[in-house]
Amino acid sequence: MAASQWELPPELCCRPMAFVALTGLDVVYNAVHRAIWDAFCANRRADRVPISFKVLPGDHEYPKCRTKRTSYEWYIPKGILKTGWMNKHLNLVPALVVLFYELDWDDPQWKEKQSECATKVEIVRTSLQGRNTKVAVVLIQKKTPLPPGEDLVASERAAALCTACDLSGKSLFVLPHTDHLVGYIIRLENAFYEHAQTYYYTEIRRVKSHKEFLNKTTHQLLFVRHQFKIGFFSELKQDTQNALKYYRTAYSLVHELRAHETNMLEIKTLAGFINYKICRLCFQHNTPLDAIAQFRKHIDQCKKKIGSAELAFEHAAWMSKQFQSFGELFDEAIKLGLTAIQTQNPGFYYQQAACYSQDRKQQALTLCQAGASYPSPDPLDTQSGGLDFYGQRHWRQGHQSIDPPDAEKEKTGILALQMKERDVPHSELIIALLSNAVAQFKKYKCPRMKSHLMVQMGEEYYHAKDYTKALKLLDYVMCDYRTERWWALLTAILTTALRCAFLMASVKDYTVYCMELLGRASTLKDEHKARIEKNLLRVLQNQVPDPEPDCDPASVGAARTLWNDRMALSGSNELTVEVQDYIPFIQCKGRFQSPSFHVDQPILLQVFLRADCPQPVAFSKLAVSLSNQEYNQWCVAEASGSDSMTLLPGKTRSFSFSFVAKTEDVGKKIEVTGVELMLGAAAGRCVFLSWRGAGGDAASAHEALQASRSSRRWGRGLEARQEPSWDSLSLQPSTMIISRVPRISVQLSHQPPALTNELYRIGISVRSEEDATARDVTLTAGLKPGQDAGLSQTTQVTLDGSVVCDDSCPSLIPDIPLGTLEPGQRLDRCVYVTCVSTGPRVFLFHVAYSVDTSVDGRRIVCRCHKDETVTIETVVPFEVSVKFVSTKFEPLDRVAVDVPFLLMTDVQSSSPWPLLLSSSSLTLLAMSSTSAQLQSQVQDVVLETGECASECFSLRCPAHNSSSNAVATGQYLISWRRQSSSADSPLIQTTVTLPHVILEPVPVYIHADLPSFGRVRESLPVRYHIENRTALVQEVEMAVEPSDAFMFSGLKQVRLRILPGSEQQMLYNYYPLMAGYQTLPQLNISLPRCQTSNSQALRRFLPQRIFVKPQGRQLDDASIAAA
Amino acid sequence: MAVCIAVIAKENYPLYIRSVPTQNELKFHYTVHTSLDVVEEKISAVGKSIGDQRELYLGLLYPTEDYKVYGYVTNSKVKFVIVVDSSNTSLRDNEIRSMFRKLHNSFTDVMCNPFHNPGDPIQSKAFDGIVSGMMVQSS
C-alpha cells in the first residue's frame, strides 16, 4: 500500500473518453443483442470515435446528484479534488443513456409496446434525476427499413413514440438487424458521440457558471477544482487544446494556494496531477519542448516545498514519482514517433527519479528509527477505507486550517507513516528505476552514463544484500573503468566489490579484488592497503579475514560463519587467477636477453617481479612456461625450505634462467607463453598468479608508452643507477634460435665478366677455421633463387668442365657432397656456368657442414653454414658483321644469278679477355663456293679486345626457281674459347645466321679474262666472254673505244649473234703505253633486241682498270749502266 | 565559479581533477566521466565534414538537477570539463568561455615544460593556482 500511495491514479493516466451507457441489451441470452454489443466494442481502432461503452441494466441506479447549492456564501470547501470525482465521470455518470428496444413499425401490439418503451425511458430518467445526461432510444428491427419518407406508417409511429417517451426526433434511432450491422453501428455511435459532446459542453457551462459565486478568500480551493473539472470535461469532449488551457490555469492557481505544512501534500499531489495532464497533452500535441519546459517549471516550483520535516522522505518519494512519470510519458511519446537525443532522453528522468528514491531511502533511514511500536488504533484507518480528497491526511480529512487540530493525533499519524516507510523495499524501487535509465542510455549512446548507473545498481544490490547480483554488475563495468584508466572510480567500485565478496565469503573474488586494491591502480591510502594485505595473507593461510569496514554488523556475523565453513572444507585450496586483465599488486615482466641466440650459446631469460603493496610479500614458486615445453624444467625458481622468496615493496627483483636450445629448434622461435607465480603454501591455500605471455597487465601497455615518451629516459645518471628503472624495462617475450656462426672461409676465384655461351669457370676454395673436424660438408652452388624467372632458364650450372652444358643442366646444384674438412684444411672445387643471355646474375655458394661443439658442458652437434654470393655480368664475346661485295669489292645490294661475288665476315672482339678463334666455317644453303674447299682464314687467331678478324669467301649463286628473289645464304660457324682457358676445355660453337640475299637475273653476262697486271709495251691479252643467258638469239654490237693508254689489236667494231645458252669469246691484245693504274679501253656493248639492258649494266662485270707495271729492266741492264 | 575542473587526456583518462573539498569527490569523478559521452558524440559529429573548423568550446554538455557541465576540447583532443552549481545562475556563457581559455593557456604552459611528459598527470603549481582561482572559494 505504501508503495502505491505515490502512484498516480489510473483514472488520471488514462485517456478520457465519453461515457455512453447501453441499456436494454441482454448480452448473455440474446444472440442478436450479443452481436450488437460485440459490434460496439470489438475493433475499436483509432478511426472510431472515442467512446467508452458499458452495458447496464435498464433499472441501473446512477450516482445520485447532490442538491444544487444556491449560494456559496457559507460554504467552506474541505479539499481540492475528491478522490472519486474522475472515476465518477469516466465510469459512473454517462453522457448518454441509450435504451435498446425491439420494436418493428408494423408490430401488431404497437400500442402496448409503445407504452412499455415509454415506461422504460421513464425509469432511466428517474434514475438520472438532476443530471443533464441525455437519453436516446434505439429500436432493434427485423425488417429492412424503407427509404425515409416512403413508409408513412413508420414516420407516423415514430412521431407518436417520441411524444410518448418525451424524446426529440434526434434521439430516436432505428437499428435494422440485417447484414450491414457494423455499418449501422458506426453510424449510430457517431450520433451518440454528438450527443455526448453536447452533454460535456453543458457540463462545462455548468461548472463555469459557479465561478461568479466564488470569492477569493474562502474559495481558493474551488478555483483550482473548477478549472481542473473544466479541463477534464474538455478532455472528455476531446477538446484537448482547451483542456490544456484550463489545466494550465489550474496549475497556476494551485501554486497560488496558501501553502502550509498541513496542506503541502495536498497541493503537491494536485500540482503533480495537473502537471501530468499538461505534459501528457503537450506530448500528444507533439510539442515536447513545451512538455519539458512545463516539467522543469513544475520541479523548480515544487523542489523546495518539502513540507513536514519528519516526513521528508515523502517529498523525496513524490519528487521521484514526478520524474518517473515524466520519463514514462516521454518514453511513451518516443514509442509513438518522437525522436529523442543524447542529452535529452527519458533516461535522465529515470536517473533523477532513482536519485530521489535514494534520497528517500536515506531520509527514511534517518527519520524512521526502529524500536517504536505501531500506534493503535491505526491513525491511517478511516471509516471509508480511503480518503475523500486527494493528498490529505487520514487523521484529519477535510481539515484546512494552518494548525493541526490535535497535536497528539498528528504525532501518532506521523509515526505510523514512518513505520510504514520502513517496510518499503527502497532498493527494489531504485534498482527498477536505474535499470529503466540504463536501457535508455544504452539506446542513446551514453556508455559511460550506463556504466555509472550500473555501478549504482550494483551498490543498491549490495545494500539490498543481493551480493551475487551486485558482483555481477560491478564486475561487468569494472573493466570499462580499468581500460579508461579512471583509477579513483575503479578503486571505489573495487572497494564495494570487496565488501560483497567478503560478505559472500567468495574466496576467489575476494582474492582478486584484494590483489587489485593493493595494486598500483588503487588510490587507497597505505593504511588501508596494509589492512587488505593482511587480510589477503590470512586467506592464503586458510584463515578468516577481518571484515571490511562499513559493513553491516549483522551481515558480518553471517559472513564469518560462511568463511568458517569455507575454510573447513577440505580440498579446492588451489586457485589460479588470470591476472592479465587486472592490475594486480605484483607486476611481472619477462624478457629474453637478446632477440636471438646462436644455438651454441646458452639462452638467457630474465623475469622481473615487483610488488606494489605496502608490506613485503613472500611467494614460494615462480615458473615460466615456454612454447617448447621441454625447456620449462629449466625455468622454475622455488623457495627451498625456510628461505622463501620475498618481494620488497617498490623494489624490482629479477630472476635469471638459462638453458641450452635443442639443435632441432634452429630457425624456430621460442616464446614465453606464460608466467606463474605461486603465493601461499600447499599446506594452506595457494594462489597462482598467472600471466599470459611474458607478463604485463591491463595498465602496462600505456605505462610502457609513457615511459618511451618520457624525457627522463635521457636524463643524467641513468647509467649510474643500480637497478634499471621498472618503467624502462620492456618485454621481450620471444627469441629466435639461429644457427652457430660458421668458422670457415669461402673464397671464389673467377674472371668476370662471363661471356655468352661460354663455360664460365668459378673456383671455390673452402678453408676450415674450426677446431674440430667439419663433417658432411656440402656445397650448394648456382643461381641464387628468387631472381627473375627467365634467368633460371638461361643459366646452366655444371661440375663437368669438359663438356659444354645444355638445357638439361639445372641453374642450381644443391648439396654437392664435399666430404670432411680437417681443421685448417683447404678444399677447392670448380663450378662451370653457362649463361645464354647477357645481363647480371647473382650466384649463391652455400657451404654447410656439421661440427661437434659443447655448450655449458653439453656436447651438441651443430649444423653451420656460410653463404657467399657474387654478381656476375654476362657480355657477348664478339660481334660478327657480314657484307656482300662484288668481285670488284663494290658493295652489293643484290646478287646477280650465277655470277661470282664475295662474302666478307668481320669478327670483332668485345671481350676484355683475349679470345682464341679456333676455326670458322660456312654452311651454305643455296650458294656454292667457287673454290672447291672452303678454307678458314682465321684459324687459331687470337683476338685482343677491340681487334677484328675478317674473312672473305667467293661464292656463286645458281639460278633459283623460287618465286621470291630473296635466298637464304646459310650460316657462319665460329669455334672459339678464351685464350687463358686450358687446352682441354671445350670449344664453343657460335653460329651466326647469314643474311638473305636478293637475286637478280642477268640476260647477257659479259666478263673478261685478263692477267692481274700488265707491263708497259708488253702485250696484254684480254678475252671477253659474252654469254647469252636468255632463251632468245641475241644480237650484240660491240665497239672498243680508243684509249690513250693502250694500243690494241682485235675487232674494233663488231656485230654478232649469239645463240641461246651459248657463249662468244672475243680476244683483244692490249698493248699498254703508260704505267700505273690505267683505265682499260672502254667496251661499248649494246643489245638491239633487248632494250632494257644498257651498256652500263652490261659492263658492270668487266674490270675498269688494270695496273700497268713499268717496262722491265732486267733485259736491258746496260742501258741502266749507261745512264 | 566552478565546483569541479577536470582535464582529460586524448585517450579519456583523467590528467587532472580538482573539486571543491566540501562535497563528495567521487561524485564529481562520475559526473566528469559521464560527460565524456556527450563530448565524444560532439567531436565525432564534427569529424564527418572535413575542413570544418571545429570550435573548441562545446558549450553546455548536459544539465543535471544539481550541476551544469561545460566542455572544451583542444585540437589535440585533450578535454577540459568545468562543473558549475546549477543554482549559480549569474554565470554567463562568456565567463565560462574565458575560464576555458585561461585553462587552455595554462595547460599549454604545462605542456611546454620540457620536464613534463605529455600523458602524465599534471602536477604543476602554476596550473593549480589558475584552477584554484576559478574554483568556488570554500572557507
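Which residue bounds does the domain assignment of chain A give? In this predicted model, the assignment places domain 1 at 1–215, domain 2 at 426–572, domain 3 at 586–706 + 725–738, domain 4 at 744–875, domain 5 at 878–1000 and domain 6 at 1004–1109.

**Domain placement**
- A distance of 101 Å separates the C-alpha centres of domain 2 of chain A and domain 5 of chain A.

**Nonpolar core**
- In soluble globular proteins, nonpolar side chains tend to be buried together.
- The largest nonpolar core comprises 251 residues. A:Ile274, A:Trp563, A:Ile586, A:Leu609, A:Leu622 and A:Leu626 have the most contacts inside this core.
- With twelve residues, helix α9 (residues 264–284) of chain A gives the most to this core.
- When neighbours within four places in sequence are left aside, the contacts of A:Leu626 include A:Phe592, A:Leu605, A:Tyr631, A:Cys635, A:Phe659, A:Ile670 and A:Val672. A:Asn632, A:Glu671 and A:Thr673 are also among the residues in contact with A:Leu626.

**Open sheet**
- Four strands of chain A form an open sheet in the order β37-β39-β43-β41, and their pairing is antiparallel.
- Strands β37 (1004–1009) and β41 (1046–1049) of chain A are the edge strands, each pairing on one side only.
- On average, neighbouring strands of this sheet are turned by 25° against each other, direction ignored.
- β41(A) is joined by four bridges to strand β43 (residues 1063–1072) of chain A, and the two run antiparallel.
- A:Tyr1070 in β43(A) is the residue opposite which A:Phe1048 stands.

Key:
Residues are numbered from 1 along each chain as its sequence is written. Chains are lettered from A and ligands numbered from 1 in the order in which they are written. This is a predicted model: local features need pLDDT of at least 70, side-chain atom pairs count only at pLDDT 80 or more; totals for chains, interfaces and linings use all residues. Side-chain values use heavy atoms; hydrogens and water are left out. Two strands pair if DSSP finds at least two bridges between them. Axes are lines fitted to C-alpha atoms, for helices over the stretch in contact, and angles run from 0 to 180 degrees between N-to-C directions. Domain bounds come from an automatic or database domain assignment. A nonpolar core is a set of buried Ala, Val, Leu, Ile, Met, Phe, Trp, Tyr and Cys residues joined through side-chain atoms within 4.5 Å. Buried means under 20% relative accessible area, exposed over 50%, partly exposed in between (1.4 Å probe, protein chains only). Contact means heavy atoms within 4.5 Å.
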